[in-house]
Amino acid sequence: MNKVIITGGSGFIGTNLVKFLLRKNFYVINIDKLGYSANTYNVIKNKNYRFYKLDINNKKKLLKILFKHRPKAIFNLAAETHVDRSIDGPKNFIESNFLGVFSLLESIRTLKKKNINIKLIHISTDEVYGDIKKNKRSNEKYQYKPSSPYSATKASADLLIESYIRTYKINAVISKCSNNYGPYQFPEKLIPKILFNIFNNRKLPVYAKGLNIREWIFVTDHCEALYKLYLNGRSGQSYNVGSKINIKNIDLIKKILFICKKQGIPINKKSKITFIKDRPGHDFRYAIDCSKIKKEMKWKNKTKINEGLYFTIKWYYENKKFFK
């Protein structure tokens with residue numbers, strides 16, 4: 001049985017990846033410090049699942065776990081992810097997103113000296129590329145232009161990993177994914193926040209005029225891509241993971257409202273789109289070229305946006321206790 005570690009396995013993508021790999025008959029070890037956005041809803045019970053509450057910056061305890069389990073791979077999802085919070089206070093982002101990766105890399109390097117080789121699949125973000133001009137898509141060779149403390153810490157971690165690959169010959173690949181959506185996402189993010197407000201008869205806040213464009217991928221499709229990178233991702237390479245589904249924020253919210261009505265979810269008059277002051281340094285458009293992973297891994301996005309949103313809205317409506 002393949003044994004892997006997922007750091008940040010109690011987060012949004014992490015929870016979905018844990019469940020995905022358990023279905024693939026992996027033995028999954030989840031290392032998570034259980035920060036504010038960690039998922040404690042519907043706790044996983046499986047004989048092939050093990051949980052450790054730990055901050056990956058604790059290198060001593062991290063090494064002890066790695067020596068004990070000797071996993072084939074580590075999927076690194078341990079990160080602070082909300083851009084707004086990084087603007088309010090960058091310190092936690094530097095500690096988790098950069099220093100946490102440094103701790104992981106040093107631990108992997110220590111084990112490598114003892115002939116214990118671990119593959120690192122590091123989950124980064126398309127935000128490292130910054131604002132993308134109209135009709136353009138960023139490929140893996142695109143220049144880094146991070147706009148927020150969040151994206152800057154992710155970009156810094158990517159570069160640190162690349163240096164360890166070259167200098168210490170560790171086995172690592174980097175995934176840069178577009179915006180994920182689906183079950184278990186913390187409600188500070190756009191889609192669950194809008195749904196929470198609809199369910200609770202509140203206004204639907206949108207930055208500026210809602211014209212900012214994001215590329216959306218259903219979280220299970222992302223998990224499938226990460227599984228492919230585990231199997232066949234080439235060390236030293238980075239891979240964009242996206243859907244080519246680019247939507248203005250305002251149009252996405254209108255689509256959510258339409259699907260809610262189709263599902264018979266009541267919408268109060270108070271749940272109206274309300275434009276609010278834009279956040280500092282707000283990138284206008286993200287769009288990535290993921291032809292590399294499609295060609296090399298035979299992977300492609302499967303979930304259409306209406307299908308994914310229908311499932312996501314239904315899940316949150318049937319699992320309102322998650323918000324508590």
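Good morning. A salt bridge here is a side-chain nitrogen of Lys or Arg within 4 Å of a carboxyl oxygen of Asp or Glu. The model is a predicted one, in which local features need pLDDT of at least 70 and side-chain atom pairs count only at pLDDT 80 or more, while totals for chains, interfaces and linings use all residues. Residues are numbered from 1 along each chain as its sequence is written, and side-chain values use heavy atoms, with hydrogens and water left out.

Let me return to the pair. Both K91 and E95 belong to helix α4, 4 residues apart, which is about one turn of the helix. Helices (H or I, at least four residues) and strands (E, at least two) are DSSP runs, numbered from the N terminus. K91 counts as exposed, at 57% relative accessibility, whereas E95 counts as partly exposed, at 30%. In these terms, buried means under 20% relative accessible area, exposed means over 50%, and partly exposed lies in between, with a 1.4 Å probe and protein chains only.

Helix α4 also holds L99, a partly exposed residue with a relative accessible area of 36%. Together with I94 and F102, L99 makes a nonpolar surface patch of about 250 Å². Patches are made of residues with over 30% relative accessible area and no salt bridge; like charges are joined within 9 Å, and nonpolar side chains (Val, Leu, Ile, Met, Phe, Trp, Tyr) within 5 Å. The areas come from the Shrake-Rupley method with a 1.4 Å probe, and for residues only the protein chains shown count as cover.

I turn now to the sheet. In what order do its strands run? The sheet is open and has 7 strands, in the order β3-β2-β1-β4-β5-β6-β10, with parallel pairing. β3 (49–53) and β10 (238–241) stand at the edges with a single partner strand each, so one side of each is left without a neighbour in the sheet. From one strand to the next, the twist averages 20°. Two strands are said to pair if DSSP finds at least two bridges between them.

Contact means heavy atoms within 4.5 Å. Axes are lines fitted to C-alpha atoms, for helices over the stretch in contact, and angles run from 0 to 180 degrees between N-to-C directions.

L120 is buried, with a relative accessible area of 1%. Leaving aside residues up to four places away in sequence, L120 touches I74, N76, L105, I108, I161, N171, A172 and V173. L120 and I5 are 115 residues apart in sequence and 9.6 Å apart in space, C-alpha to C-alpha.

Finally, I come back to the salt bridges, of which the count is 8. In one of them, the side chains of R279 and D84 meet at 2.9 Å, N to O. R279 lies in the loop between β12 (273–276) and α9 (291–297) and D84 in helix α3 (residues 83–88), so the pair ties together parts that are 195 residues apart in sequence. R279 is buried, with a relative accessible area of 17%, and D84 is buried, at 18%.

Another joins the side chains of E296 and R234, at 2.7 Å, N to O. E296 lies in helix α9 and R234 in the loop between α7 (219–232) and β10, so this pair ties together parts that are 62 residues apart in sequence. E296 counts as partly exposed, at 32% relative accessibility, and R234 is partly exposed, with a relative accessible area of 40%. Thank you.
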